[in-house]
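Dear colleague,

I am passing on the structure below, together with some notes on its aromatic side chains. Please read the notes with the structure open beside them.

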Amino acid sequence: MGMHYIFHDRGERETLKPLSWTRPVADLRVGVTTLREKWSLRSPGSTFSYHSAAYLAGSFDLSQPEGDAVRHVRGCLVATNALVDAVASLRSGQQLVDAKGEWLASHGADAAENVVFADSVLLMRRPFDLFSANSEVLEADFDLLTRGRSSAPLSGTNTLIGDRIFAEEGAVAEASVLNSRTGAIYLAAGSEIMEGSLVRGALALGEGSQLKLGSKIYGATTIGPGSKVGGEVNNAVLWGNSNKGHDGFLGNAVLGEWCNLGADTNNSNLKNDYSEVKLWSYPSGRFEPTGLQFCGLVMGDHSKAGINTMFNTGTVVGVACNIFGAGFPRNFIPDFSWGGPQGMTEYRLDKVLATTERVLARRGRPLDAATTDILSEIFAQTAHLRGGTAIAQ
């Protein structure tokens with residue numbers, strides 16, 4: 001009998017916004033797979049559900065089963081073999097905590113007996129954690145997914161450097177340079193690297209995704225399934241079904257699903273005075289220190305940027321924004337905003353849903369009631385951010 005994991009959002013649901021507006025925390029992607037998939041891959045036959053916001057129930061299973069095989073797990077926790085074993089070994093009433101006493105998992109919703117997990121753990125708490133930890137997590141995912149397997153052959157027109165390159169059946173690359181000495185390169189089934197691309201690992205290229213002609217990719221970068229990426233990308237995580245199809249720089253960044261960056265869109269990832277970057281925090285309602293010198297763009301699901309958009313260092317763009325115009329927009333663009341440096345207005349919900357329906361139709365997907373309900377709820381919950389009051393920089 002397999003394990004049933006219930007993934008709890010905890011406080012990270014707030015600190016990971018806008019990325020966690022549209023999904024449970026455990027559904028975030030870092031490395032090759034989502035956080036939830038890292039547990040499932042290490043626990044064959046397991047099932048899962050989420051303890052998350054009620055409005056997500058149409059798209060994500062929020063059921064809470066009981067039983068001896070049920071384990072409650074912190075959604076932002078990055079699975080390892082040792083963690084999976086420790087969680088499985090918990091007896092009823094026990095909870096797993098890290099060396100600082102932070103809750104990681106439990107057997108039973110009211111467990112109180114502490115079991116200390118002595119090894120170091122990775123917790124994805126803030127949006128920038130996803131690209132900061134991407135190198136370490138991608139390497140572990142690569143090892144897990146490829147252990148004991150042989151790569152499908154790649155065309156002899158490529159220059160392959162290093163031995164950590166793995167292509168699933170159906171992956172295609174032609175006349176490109178793939179260097180895995182700086183990090184592993186994983187090409188999922190149906191992915192394609194077009195001619196003239198230059199890749200320095202680590203890179204995870206998702207199922208059905210494309211690197212456009214002459215792309216320049218620096219690790220550690222993740223491109224989720226169904227995406228098209230071109231230009232220059234450095235240490236970015238795109239979850240899937242998002243496009244950056246043209247020239248322009250994207251660095252130290254996280255993009256949600258169904259995003260699109262127009263041609264020659266760029267983001268800064270380093271301040272001119274080389275000082276620490278601050279990033280907007282939804283729970284505090286202000287800009288908070290990141291501890292990072294390099295921090296670029298965080299963009300929620302369904303947001304778009306027109307051609308030649310310029311994002312300043314440490315910019316947060318909410319869900320369902322449409323950004324355009326000359327100059328740098330604000331460092332925080334509230335969810336459902338329309339405009340740019342010349343000013344922002346509310347992006348009406350009916351207009352957002354109409355655009356979303358067209359975007360999904362291009363991938364053969366309908367706009368279902370669950371997606372409509374999720375976007376409607378986020379629109380209502382973020383109304384105060386678009387109230388016209390100035391946002392202190």
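**Aromatic contacts in the model**

One aromatic cluster is formed by Tyr-5, Phe-7, Trp-39, Phe-48, Tyr-50 and Phe-60. Please keep in mind throughout that the model is a predicted one.

Across the whole structure, the search finds 13 aromatic pairs. Among them is the pair of Phe-166 and Tyr-186, which is stacked, with 6.2 Å from centre to centre and 5° between the planes. This pair links distant parts of the chain, since Phe-166 belongs to strand 8 (residues 165–167) and Tyr-186 to strand 11 (residues 185–187), 20 residues apart. Phe-166 counts as buried because its relative accessibility is 3%, and Tyr-186, at 8% relative accessibility, counts as buried as well.

Tyr-282 and Phe-332 also form a pair, and because their ring centres are 5.5 Å apart and their planes stand at 85°, the pair is edge-to-face. Tyr-282 lies in the loop between strand 24 (278–281) and strand 25 (286–289), while Phe-332 lies in strand 31 (residues 332–333), so the pair ties together parts that are 50 residues apart in sequence. Tyr-282 is buried, with a relative accessible area of 13%, and Phe-332 is buried with a relative accessible area of 2%.

Finally, there are charged groups over rings to look at. The charged end of Lys-17 sits over the ring of Trp-21, at 3.7 Å from the centre of that ring, and Arg-386 lies over the face of Phe-379, 4.6 Å from the ring centre.

Conventions
Residues are numbered from 1 along each chain as its sequence is written. This is a predicted model: local features need pLDDT of at least 70, side-chain atom pairs count only at pLDDT 80 or more; totals for chains, interfaces and linings use all residues. Side-chain values use heavy atoms; hydrogens and water are left out. Rings of Phe, Tyr and Trp (its six-membered ring) pair if their centres lie within 6.5 Å; planes under 30 degrees apart count as stacked, over 60 as edge-to-face and the rest as tilted. Helices (H or I, at least four residues) and strands (E, at least two) are DSSP runs, numbered from the N terminus. Buried means under 20% relative accessible area, exposed over 50%, partly exposed in between (1.4 Å probe, protein chains only). A charge sits over a ring if NZ of Lys or CZ of Arg is within 6 Å of the ring centre and within 35 degrees of the ring normal.
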